[in-house]
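Please examine the sequence and the model displayed below.

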Amino acid sequence: MKRLDILAFGAHPDDTELGCSGTLAALVNQGVKVGVIDLTRGEMGSRGSAEIRLKEAQAASDILGLHIRENLGLPDTELKNIRDHQLPIIQKIRTYKPHICILPAPSDRHPDHGNAAKLLIDAIFYSGLIKIGTNDQNGSKQEPHRPAHIIHYIQDEFLKSDFIFDISKTINIKEKAIAAFSSQFNVDNPGNQPATYISDPGFTESLRARAKMVGHMGGFDYGEGFIYHKKPFPVNNFNFLLDSAPKR
């Protein structure tokens, strides 16, 4: 199995596209090994179906250049912070051994997002405990692994960012990846399925406006905001500052 530098999680297919795909695309372009795991198939969504959304997720992954994209098939709208839901997450963390995990927002309009964040935070901690046993796909015992960093992307609610990532060069890739979920977004004619909060073309327009505003806050043309899970933010060099010159 490939070891990943970054493993991002979504409660549903399309969550990472909406929240952090500009960042993921930029990191892939920098040679970073990036993967996404969706916890549910989004089967309770008002539009589309689990099968359609899985195909859309694969199309979005191809656009972003992800190294892996998997779906755990946990129950949509029923995510619980219980061992049965933690174990498949622990198994994937030990499989891919990411240095950084990117999680949904700690709280949000959709209850699944905050519930997923709580579930993932505990599963990530437990993935470092040797007495919680998991096996790889070949049945071999896995070694514990705990990522070094946990960060949250920001979703519908406008939460305060700890840092902003420059996506000026990847905003178009982000928008193409979102557009891959054609059952969900920018629907001019809802047809025989209900119009929703996110299917309205105005929602899609607001995404670029938000990226523009967040980017402006960071001194970039377009940006995505992130929350660092366990403050303070640890550093041992200033490369991240020496490598950037925001216009502020």
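Apart from neighbours within four places in sequence, Glu17 is in contact with Ala60, Leu64, Arg69, Lys174, Ala177, Ile178 and Phe181, where contact means heavy atoms within 4.5 Å. The model is a predicted one, in which local features need pLDDT of at least 70 and side-chain atom pairs count only at pLDDT 80 or more, while totals for chains, interfaces and linings use all residues. Residues are numbered from 1 along each chain as its sequence is written, and side-chain values use heavy atoms, with hydrogens and water left out.

Glu17 belongs to helix 1 (residues 15-29); helices (H or I, at least four residues) and strands (E, at least two) are DSSP runs, numbered from the N terminus. With a relative accessible area of 0%, Glu17 is buried. Buried means under 20% relative accessible area, exposed over 50%, and partly exposed in between, for a 1.4 Å probe and protein chains only. The side chain of Glu17 has a polar contact of 2.7 Å with that of Arg69 and another of 3.3 Å with that of Thr16. A polar contact is a pair of N or O atoms within 3.5 Å; within protein, one must be able to donate a hydrogen and the other to accept it, and residues adjacent in sequence count only if both atoms are side-chain atoms.

How do helix 1 and helix 5 meet, and at what angle do their axes cross? The axes come within 8 Å and cross at roughly 130°. Helix 1 is therefore oblique to helix 5. Angles under 35 degrees count as roughly parallel, over 145 as roughly antiparallel, 65 to 115 as roughly perpendicular and the rest as oblique. Axes are lines fitted to C-alpha atoms, for helices over the stretch in contact, and angles run from 0 to 180 degrees between N-to-C directions. On the side of helix 1, the residues that meet helix 5 include Glu17, Leu18 and Gly19; their counterparts in helix 5 are Ile173, Lys174, Ala177 and Ile178.

The backbone also deserves attention. Most residues other than glycine have a negative phi, and most peptide bonds are trans. Lys97, however, has a positive phi near 45°, and this residue sits in the loop between helix 3 (83-96) and strand 4 (100-103). Lys97 is partly exposed, at a relative accessible area of 27%. A cis peptide bond, with omega about 5°, links Lys231 and Pro232. Pro232 is located in the loop between strand 7 (223-228) and helix 7 (239-242).
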